[in-house]
Amino acid sequence: MAMQSPVEFFKKLPKKRCPECGQHMEEQAESYFMECEHCLSKKAE
Ligand SMILES: [Zn+2]
């Protein structure tokens, strides 16, 4: 089995996904919201 580079390892980690629209999100350490910015802005109204 070939050694995996750390970069490849992190690429294969599942991305955070918005439960509202299913859109993949950038993982943000400061963000504790489950939804993406788009859905959050809709809820904010
Ligand atoms: Zn969303």
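1. Gly22 sits in the loop that joins strand S1 (16-17) to strand S2 (24-25). Helices (H or I, at least four residues) and strands (E, at least two) are DSSP runs, numbered from the N terminus. This is a predicted model: local features need pLDDT of at least 70, side-chain atom pairs count only at pLDDT 80 or more, and totals for chains, interfaces and linings use all residues. Residues are numbered from 1 along each chain as its sequence is written.

2. Gly22 counts as exposed because it has 8 C-beta neighbours inside 10 Å. The cut-offs are these: buried means 20 or more other C-beta atoms within 10 Å of the residue's own, exposed means 12 or fewer, and partly exposed lies in between, with C-beta atoms placed from the backbone.

3. Cys18 has 17 C-beta neighbours inside 10 Å, so it counts as partly exposed.

4. What does Cys18 contact, leaving aside its neighbours within four places in sequence? The partners are Gln23, Met25, Glu35, Cys36 and Cys39. Contact means C-beta atoms, placed from the backbone, within 7 Å.

5. The protein chain has 2 helices and 2 strands. Their order along the sequence is α-β-β-α. Of its 45 residues, 2% count as buried.

6. Confidence comes as pLDDT, the predictor's score for each residue from 0 to 100. The chain's mean is 78, and 73% of its residues reach 70 or more.

Terms used. Two residues are in contact if their C-beta atoms, placed from the backbone, lie within 7 Å.
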